[in-house]
Amino acid sequence: RDPDWTSGVSHTMLKICKVAGPGVTVGTQFTFNFSIVGQPSLAIAQMTIPAGPESIGGYCYFVTGPYAQGTFIPGQSVTITETPASPILVADIRSSTASNLTTDFPARTATTTLGAVPYNDIYFTNGAIRTLQICKVAGRGIAPRTKFTFDVTIPSEPGLSIKPVSVMAGECVFVQKSGGQA
């Protein structure tokens with residue numbers, strides 16, 4: 001039986017905030033799917049949320065949970081997945097209330113165990129495809145066109161694998177990141 005307000009079980013709400021990062025127009029729509037870990041039969045409606053200005057923390061909406069008054073039960077683990085919107089990437093996923101947030105930037109996913117607080121919040125920030133230019137100067141003792149190899153790491157997307165980038169001294173190359181490819 002589902003817990004309800006009269007059973008003495010506390011309830012919580014889930015708030016999703018969508019932030020328009022660099023290169024993303026305020027008002028751009030993003031779709032989110034939700035699931036309660038280990039309870040696939042509990043239906044949670046998909047939501048579309050517009051990206052709001054970074055200066056105010058984005059636009060925030062409460063997710064309608066499967067229990068009384070659209071709530072969730074503290075202690076439940078919830079997975080939130082943003083539907084891909086190419087060429088826009090996830091730049092950050094964070095929470096001011098979750099102490100156990102796990103994220104997967106390439107998969108656009110966050111999972112958290114809901115706390116016994118009035119509401120739990122998750123902020124998704126997106127950014128447009130970024131381009132990196134690497135230039136290698138042929139300094140003293142370095143012959144022009146000597147090959148150098150650079151490893152590229154994107155801290156906001158841990159685990160993302162980008163092939164090493166080769167640059168000849170005296171030249172520049174562009175590295176474009178999109179959908180996990182360089």
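Mentor: Of the 182 residues in the chain, 37% count as buried. Buried means under 20% relative accessible area, exposed over 50%, and partly exposed in between, with a 1.4 Å probe and protein chains only. This is a predicted model, where local features need pLDDT of at least 70, side-chain atom pairs count only at pLDDT 80 or more, and totals for chains, interfaces and linings use all residues. Residues are numbered from 1 along each chain as its sequence is written, and side-chain values use heavy atoms, leaving out hydrogens and water.

Trainee: What makes up the secondary structure of the chain?

Mentor: Zero helices and 14 strands. Helices (H or I, at least four residues) and strands (E, at least two) are DSSP runs, numbered from the N terminus.

Trainee: Why is Thr125 called buried?

Mentor: Its relative accessibility is 9%. The limit is under 20%, so Thr125 counts as buried. Thr125 lies in strand 10, residues 119-128.

Trainee: Which residues is Thr125 in contact with, leaving aside its neighbours within four places in sequence?

Mentor: Lys18, Val19, Gly21, Leu89, Val90, Ala91 and Asp92. Contact means heavy atoms within 4.5 Å. For Ala91, the C-alpha atoms are separated by 5.5 Å from those of Thr125, and the two residues are 34 apart along the chain.

Trainee: What share of the contacts in the chain with a separation of 6 or more comes from residues 24 or more positions apart?

Mentor: They account for 65%.

Trainee: What makes Lys18 and Glu82 a salt bridge?

Mentor: Their side chains meet at 2.6 Å, N to O. A salt bridge is a side-chain nitrogen of Lys or Arg within 4 Å of a carboxyl oxygen of Asp or Glu. The pair therefore qualifies. Lys18 lies in strand 1 (residues 13-20) and Glu82 in strand 6, so the pair ties together parts that are 64 residues apart in sequence. Both residues, Lys18 and Glu82, are buried. Lys18, Glu82 and Arg108 are linked in a network of salt bridges.

Trainee: Why can such side chains pair at all?

Mentor: Opposite charges can pair when the charged atoms come close.

Trainee: How many salt bridges does a search of the whole structure find?

Mentor: Four. One of them joins the side chains of Arg94 and Asp92 at 3.7 Å, N to O. That value is within 4 Å, so the label holds. Arg94 has a relative accessible area of 36%, which makes it partly exposed. Asp92, at 28%, is partly exposed as well.

Trainee: How do you know that Arg145 and Glu171 form a salt bridge?

Mentor: Their side chains meet at 2.1 Å, N to O. The pair links distant parts of the chain, 26 residues apart: Arg145 is in the loop between strand 11 (130-136) and strand 12, and Glu171 is in strand 14 (residues 171-177). Arg145 is exposed at 52% relative accessible area. Glu171, at 30%, counts as partly exposed.

Trainee: How do you know that strand 2 and strand 6 pair?

Mentor: Pairing needs at least two bridges found by DSSP. Strand 2 (residues 29-36) and strand 6 (residues 77-82) are joined by five, so they pair, and they run antiparallel. Ser35 has Thr79 as its bridge partner in strand 6. Strand 6 also pairs with strand 9 (residues 109-113), antiparallel, over five bridges. There, Thr79 has Thr111 as its partner.

Trainee: Which face of strand 13 is covered, and which is uncovered?

Mentor: In strand 13 (residues 165-168), Val165 and Val167 make the covered face, Ser166 and Met168 the uncovered one. Strand 12 (residues 147-150) runs antiparallel to strand 13, joined by four bridges. Val167 is the bridge partner of Phe148.

Trainee: Why is Ile56 called exposed?

Mentor: Its relative accessible area is 58%, and exposed means over 50%, so Ile56 qualifies. Ile56 is found in the loop between strand 4 (52-53) and strand 5 (59-63).
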